[in-house]
Amino acid sequence: MSRLDVFADAAVVAKRNLIKIKRVPDLLVFTTLSPIMFVLLFAYVFGGAIDPAGGGGGYREFLIAGIFAQTVVFGATITGAGIADDVQKGIVDRFRSLPMSPSAVLAGRTLSDVVNNVIVLVVMGLTGLLVGWRIRTSFFEALWGFILLLVFAYAISWVMAWVGLIVPSPEVVNNASFVIIFPLTFVANTFVPLDTLPGPLKAFAEWNPVSAVTQAARNLFGNTDPNPLAPHPTAWPLVHPELYTLIWAAAVLIIFVPLANAQYRRSTSR
Amino acid sequence: MMETPAIQARGLVKKYGSVVALDGVDLTVPTGTVLGLLGPNGAGKTTIVRILTTLLRPDEGTAEVAGIDVLAHPGEVRRSLGLSGQYAAVDEYLTGFENLDMIGRLYHLGRKASRERARELLAQFNLEDAGNRPAKTYSGGMRRRLDLAGALVAAPPVLFLDEPTTGLDPRSRTEMWAVLQGLVSGGTTLLLTTQYLEEADLLADEIVVIDHGKIIAQGTADQLKSQVGGERLEVTVTDPATLEAASRLLTPLGVGAPVLAEHQRNLLMPVSGGVSVLREALRLLDDQGIGADDAGLRRPTLDDVFLTLTGHAAEVDDDDPAEAQHQTEEVKA
């Protein structure tokens with residue numbers, strides 16, 4: 001088996017996962033509908049209360065990067081649920097009995113979820129533009145912002161891949177991950193300025209990597225200055241949000257890629 | 001010179017905590033033959049298949065498939081085997097063609113060869129018309145055929161089928177049997193597990209009966225049946241009122257006491273002597289004017305074999321603690 005087989009096999013597996021998106025478009029519709037709903041809810045329901053002077057306009061600009069971060073992190077649960085489903089249906093047994101590269105199943109799955117996230121980000125970006133969000137920087141800075149979001153989501157996908165292999169069913173993946181992902185994406189600078197949080201929560205939020213990736217995207221889209229809702233942060237992770245995001249992504253990948261692959265080699269259908 | 005057997009296993013042991021799933025199993029399957037692994041749920045059949053197909057490592061023992069050490073060279077073994085599991089492992093969102101094409105690509109057959117092989121198998125398994133429909137729309141029998149086709153993509157010399165007809169309706173089951181018989185006549189070595197005695201009887205050259213992780217009997221269907229005892233005389237009388245009389249009349253012909261089933265107007269009695277006993281029985285009944293709807297010599301079924309060997313019938317036992325433990329352990333593993 002040559003090294004190139006990993007890539008070829010991963011591409012075959014990724015293609016298979018993407019066919020599913022094509023055949024069951026409802027999946028994509030619902031994963032994009034809920035963030036759109038979030039954009040509209042936060043922009044028009046909470047926006048006025050948080051930013052009365054600007055009538056919510058400034059808040060909407062502040063909000064979009066946060067929703068992007070929340071959505072791509074939630075998108076990682078698709079990875080876990082998809083893998084748990086494959087284990088349950090015996091498809092992982094089939095893959096494991098083939099002379100394919102054993103790393104390719106998870107590599108292919110996480111790869112197809114990047115594609116999924118790209119589609120979702122495009123739809124949400126368009127929605128954001130409709131409600132008044134603007135990119136105020138250059139094309140390349142904005143692109144780098146999107147790439148950081150995708151890299152961060154890719155790392156979380158591997159955590160979820162591991163979760164998907166150890167839990168008994170796809171439903172459990174969803175329930176288990178919500179318990180972690182909700183606080184992670186809400187106790188952050190995603191929807192509210194950090195200064196409004198009480199002490200311990202604020203400290204958690206400042207070091208929360210979701211805050212960093214949000215801050216990085218906000219900076220790179222030019223949505224921080226001169227927005228009164230996004231004052232210049234003082235905590236180290238938020239002063240260096242790009243670096244902090246990349247460190248987190250790297251650390252998560254270093255731990256969870258081998259962990260998930262080892263788990264995959266041992267898993268069988270139930 | 002002795003030919004290397006297609007499958008050879010020695011002293012397989014697999015434990016899940018304190019539960020012993022396999023307790024020293026030896027198997028030999030000569031090339032080109034069919035081994036039927038027969039046993040109730042939780043007996044260890046699936047564990048054997050998983051070990052031989054590289055999905056699970058045994059705690060003790062050795063195994064070779066197609067002459068290759070399963071534990072030392074799992075990657076190579078995978079090229080020589082096809083597996084169709086207990087649940088049809090087809091991707092229901094892919095079409096039949098896409099399923100087979102994907103498997104071909106993952107066997108590294110190449111783009112063109114994978115497509116050709118997929119079309120070939122769809123034709124062979126009578127799925128041509130359904131080939132471009134998502135497998136979601138397939139019937140249970142079609143899914144099983146597609147799954148089996150998936151196991152055959154690389155034309156492996158050794159095929160493992162874990163309960164290939166469980167959950168199929170009788171017609172689909174008969175169709176599946178015909179497909180399997182065709183494969184075997186083509187020279188494929190087959191190891192199949194089943195809970196259906198009829199299936200093992202029909203397909204297998206040799207049957208291994210397994211219960212609680214141990215082999216409790218093995219041999220051809222005929223050998224197993226003769227372990228249980230010889231032939232029986234079965235008579236169904238027309239009028240239930242005459243059953244007692246028939247029993248008194250025929251008892252001297254038997255080598256054991258007759259068993260009466262009143263509701264079925266049925267009499268069953270171990271005999272020896274073959275057709276002459278049957279002829280004599282019919283003459284006696286005729287003389288006494290006792291009408292019979294049916295009469296014949298019955299050989300014991302594998303159901304009888306199972307009952308005799310294990311002390312319990314070959315029934316599906318979902319509450320088997322060993323199986324339940326087995327499943328939770330695997331989730332944790």
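User: Let us start with Trp162(A). What is its relative accessible area, and how is that value read?
Analyst: Buried means under 20% relative accessible area, exposed means over 50%, and partly exposed is in between (1.4 Å probe, protein chains only). Trp162(A) comes out at 25%, so this residue is partly exposed. The model is predicted: local features need pLDDT of at least 70, side-chain atom pairs need 80 or more, and totals for chains, interfaces and linings use all residues. Residues count from 1 along each chain as its sequence is written, chains are lettered from A and ligands numbered from 1 in the order written, and side-chain values use heavy atoms without hydrogens or water.

User: How many aromatic pairs does the search find over all chains?
Analyst: Two numbers describe a pair of aromatic rings: the distance of the centres and the angle of the planes. Rings of Phe, Tyr and Trp (its six-membered ring) pair if their centres lie within 6.5 Å; planes under 30 degrees apart are stacked, over 60 edge-to-face, the rest tilted. Searching the whole structure gives 19 such pairs over all chains. One of them is Trp162(A) with Phe256(A), edge-to-face, at 5.6 Å centre to centre and 65° between the planes. These two residues sit in distant parts of the chain, 94 residues apart. Trp162(A) belongs to helix 6 (residues 139-166) of chain A, and Phe256(A) to helix 11 (residues 241-266) of chain A. Helices (H or I, at least four residues) and strands (E, at least two) are DSSP runs, numbered from the N terminus.

User: Which kind of pair do Trp207(A) and Tyr244(A) form?
Analyst: Trp207(A) and Tyr244(A) are edge-to-face, with 6.0 Å centre to centre and 75° between the planes. Trp207(A) lies in helix 8 (residues 199-207) of chain A and Tyr244(A) in helix 11 of chain A, so the pair ties together parts 37 residues apart in sequence.

User: Which accessible areas go with Phe256(A), Trp207(A) and Tyr244(A)?
Analyst: Phe256(A) is buried, at 16%. Tyr244(A) is also buried, at 8%. Trp207(A) is partly exposed, at 46%. Recall that Trp162(A) is partly exposed as well.

User: Which residues do ring pairs link into a cluster?
Analyst: The cluster consists of Phe38(A), Phe42(A), Phe74(A), Phe178(A), Phe182(A), Phe186(A) and Phe191(A).

User: Where does an Arg lie over the face of a ring?
Analyst: The test is geometric: NZ of Lys or CZ of Arg within 6 Å of the ring centre and within 35 degrees of the ring normal. In chain A, Arg218(A) lies over the face of Phe62(A), 3.6 Å from the ring centre. In chain B, Arg173(B) lies over Tyr196(B), 4.0 Å from the ring centre.

User: Now strands. How many bridges join strand 11 of chain B to strand 13 of chain B?
Analyst: Two strands pair if DSSP finds at least two bridges between them. Strand 11 (residues 232-237) and strand 13 (residues 266-270) of chain B share 5 and run antiparallel. Within this pairing, Thr236(B) is bridged to Asn266(B) of strand 13.

User: What do strand 12 of chain B and strand 13 of chain B form?
Analyst: They form a hairpin, with 4 residues between the strands. Strand 12 (residues 259-261) of chain B is antiparallel to strand 13, with 3 bridges. Leu260(B) has Leu267(B) of strand 13 as its bridge partner. In the turn, Arg265(B) has a positive phi of about 55°.
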